[in-house]
Amino acid sequence: MQRLLLFIISSYSIAILAQKPEDSQAIKAMCGCYEIQFNFAETFQYPKDSVDYHPSKVKLETALEWARLIEDEPKKISIQHILIVGQTMIVKHWRQDWLFETQSFTIIMVSTIGNLRFCYRVR
């Protein structure tokens with residue numbers, strides 16, 4: 001019985017370790033250049049908004065998004081997303097940080113209600 005249990009635990013550990021290269025390869029496969037489309041639309045209006053407030057018109061915009069590998073360590077992969085709009089505008093858009101089997105993480109959520117700004121930090 002002990003041998004069977006040891007075999008099951010060993011097999012499970014090997015299977016978990018075998019997944020890491022596949023995970024890493026799948027994350028890195030997201031790098032590249034993509035044609036994207038933004039749909040700028042206001043979806044709600046606060047009831048206390050000004051009487052003379054008028055929502056903006058819906059606007060569709062296309063752009064290129066270049067996802068570039070900027071960090072490739074054994075337990076961390078980072079991809080920086082660069083937004084290319086038109087011929088002259090380049091924006092450092094957002095970044096993905098992938099931590100392999102991390103035990104700690106931080107989520108920061110920011111919301112604004114009226115003139116108040118709330119920042120929640122979850123660890």
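Biologist: How do strand 2 and strand 3 pair, parallel or antiparallel?
Modeller: They pair in the antiparallel sense, over nine bridges. Keep in mind that this is a predicted model.

Biologist: Thanks! What joins strand 2 to strand 3?
Modeller: A hairpin does, passing through two residues.

Biologist: And which residue of strand 3 stands opposite R68?
Modeller: That is Q80.

Biologist: Is strand 3 mostly covered or mostly open?
Modeller: Mostly covered: of the 10 residues in strand 3 (residues 76–85), eight are buried.

Biologist: Let's go on to strand 4. How many bridges pair strand 3 with strand 4?
Modeller: There are 10 bridges, again with antiparallel pairing.

Biologist: What about the hairpin of strand 3 and strand 4, how many residues lie between the strands?
Modeller: Three residues, and in that hairpin G86 takes a positive phi near 65°.

Biologist: Can we zoom out? What is the order of the strands in the sheet?
Modeller: The order is 1-2-3-4, in an open sheet of four strands with antiparallel pairing. Strand 1 (32–40) and strand 4 each have a single partner strand, so they stand at the edges and one side of each has no neighbour in the sheet. From one strand to the next, the twist averages 30°.

Biologist: So what links strand 1 to its partner?
Modeller: Nine bridges join strand 1 to strand 2 (residues 59–73), and the two run antiparallel. For example, C33 has W66 in strand 2 as its bridge partner.

Biologist: Changing topic: how many aromatic pairs does a search of the whole structure find?
Modeller: The search finds one. It is formed by F38 and F40, whose ring centres are 5.8 Å apart.

Biologist: Why does that pair count as stacked?
Modeller: Because the planes of the F38 and F40 rings are at 25°, and planes under 30 degrees apart count as stacked.

Biologist: How accessible are F38 and F40?
Modeller: F38 is partly exposed at 25% relative accessibility. F40 is also partly exposed, with a value of 44%.

Biologist: Last one: which residues make the nonpolar surface patch?
Modeller: M30, Y34 and W98 make a patch of about 270 Å². W98 sits in strand 4 (residues 89–99), and W98 is partly exposed, having a relative accessible area of 36%.

Biologist: Great, that gives me a place to start looking!

Technical notes. Residues numbered from 1 in each chain as written. Predicted model: local features only at pLDDT ≥ 70, side-chain atom pairs only at ≥ 80, totals over all residues. Heavy atoms only, no water. Patch = residues over 30% accessible without salt bridge, like charges linked within 9 Å, V, L, I, M, F, W, Y side chains within 5 Å. Areas by Shrake-Rupley, 256 points an atom, 1.4 Å probe, with all protein chains shown as cover. Salt bridge = Lys/Arg side-chain N within 4 Å of Asp/Glu carboxyl O. Buried < 20%, exposed > 50% of the residue type's maximum accessible area, 1.4 Å probe, protein only. Phe/Tyr/Trp six-rings, centres within 6.5 Å; stacked < 30°, edge-to-face > 60°. Pairing = 2+ DSSP bridges. Axes fitted to C-alpha atoms, helices over the stretch in contact; angles between N-to-C directions.
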